[in-house]
2 protein chains.
Amino acid sequence: MVVSVFKAKTTLQKQMVVEVQARQYAIKIDEPKELVGTDIGMNPVELVLASLGACQMIAAQVYAKKFKVAYDELHVEIEGDLDLDDFSDKGDVRLVFT
Amino acid sequence: MVVSVFKAKTTLQKQMVVEVQARQYAIKIDEPKELVGTDIGMNPVELVLASLGACQMIAAQVYAKKFKVAYDELHVEIEGDLDLDDFSDKGDVRLVFT
């Protein structure tokens with residue numbers, strides 16, 4: 001068992017703006033205007049999609065090396081549909097990705 | 001059903017550096033040196049923790065308003081343990097958060 005421990009700290013700033021910190025790195029997260037934010041950064045859904053895509057990139061790069069697979073470029077395009085009904089008390093559903 | 005669709009695009013740059021884009025926003029992701037990266041940004045695990053924390057902040061803020069709960073500050077500290085055994089072919093486990 002090789003365990004790496006990672007941490008993040010998030011702090012609510014003004015309205016829906018959240019500062020997210022991990023070690024020396026910080027990012028501002030917000031919601032787009034259609035979700036009543038001020039849109040100064042990615043929203044949490046975009047961030048989770050970004051982290052999944054980045055993880056796949058890094059894993060692909062490691063395995064490409066291991067199995068000697070050549071490539072010119074590596075991209076991931078990733079999409080998530082967020083159902084806001086539960087959040088708005090309009091339905092009996094959990095927030096989901098599809 | 002109120003569905004919002006979010007997208008992200010990730011592009012492998014040099015070594016483990018990944019550029020992550022969502023709409024007009026871009027972040028550089030990397031692995032720390034102990035995971036053989038060059039450590040120029042958060043890694044994907046930190047990013048997913050950050051997105052979970054940011055999501056909680058925004059939800060808490062919305063519900064605090066709705067239920068008229070006053071607060072001075074809102075923070076989340078979030079930690080994830082990554083078991084790398086499966087990635088390194090050293091064990092019969094899936095990559096997990098605990």
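Which residue caps the N-terminal end of helix 1 of chain B? Hold that thought while I cover some housekeeping. This is a predicted model, where local features need pLDDT of at least 70 and side-chain atom pairs count only at pLDDT 80 or more, while totals for chains, interfaces and linings use all residues. Residues are numbered from 1 along each chain as its sequence is written, chains are lettered from A and ligands numbered from 1 in the order in which they are written, and side-chain values use heavy atoms, with hydrogens and water left out.

Okay, back to the cap. The residue is Asn43(B), and a side-chain oxygen there lies 3.1 Å from the backbone nitrogen of Val45(B). Helix 1 of chain B covers residues 44–66, which is 23 residues, and it reaches 33 Å from first C-alpha to last, close to the 33 Å expected at 1.5 Å a residue. That expected span is 1.5 Å times one less than the number of residues. When I say helix or strand, I mean a DSSP run (H or I with at least four residues for helices, E with at least two for strands), numbered from the N terminus. Just after this helix, Lys68(B) takes a positive phi of about 55 degrees.

Now hop over to chain A. Ser51(A) sits in helix 1 of chain A, residues 44–66. Is Ser51(A) buried or exposed? It's buried, with a relative accessible area of 2%. The cut-offs are under 20% for buried, over 50% for exposed, and partly exposed in between, using a 1.4 Å probe and protein chains only. The side chain of Ser51(A) reaches the backbone oxygen of Val48(A) at 2.8 Å. Leaving aside neighbours within four places in sequence, Ser51(A) is in contact (heavy atoms within 4.5 Å) with Pro44(B), Leu47(B) and Val48(B).

Next, Ile78(A), in strand 4 of chain A, residues 75–83. Ile78(A) is buried too, at 17% relative accessible area. Ile78(A) and Gly53(A) are 25 residues apart in sequence, yet 6.8 Å apart in space, C-alpha to C-alpha. Not counting residues up to four places away in sequence, Ile78(A) touches residues including Leu49(A) and Leu52(A), plus Phe6(B) and Lys7(B) across in the other chain.

So, how do the two chains meet? The contact takes 66 residues from chain B and 66 residues from chain A. Together they bury about 5800 Å², 63% of it on carbon and sulfur atoms. Buried area here is the accessible area (1.4 Å probe) that two parts lose on being put together, summed over both. Across the interface there are six salt bridges, meaning a side-chain nitrogen of Lys or Arg within 4 Å of a carboxyl oxygen of Asp or Glu. One salt bridge joins the side chains of Arg23(B) and Asp39(A), at 3.0 Å, N to O. And which element gives the largest share of the side of chain B that touches chain A? Helix 1 of chain B, with 18 residues.

Last stop, the aromatics. The whole structure has two aromatic pairs over all chains. Tyr63(A) and Phe67(A) are stacked, at 6.1 Å centre to centre and 15 degrees between the planes. Rings of Phe, Tyr and Trp (its six-membered ring) pair if their centres lie within 6.5 Å; planes under 30 degrees apart are stacked, over 60 edge-to-face, and the rest tilted. Tyr63(B) and Phe67(B) also have centres 6.1 Å apart, with planes at 10 degrees, so that pair is stacked. Tyr63(B) is partly exposed at 27%, whereas Phe67(B) is exposed at 55%.

Definitions and conventions: Polar contact = N/O pair within 3.5 Å; in protein donor to acceptor, adjacent residues only side chain to side chain.
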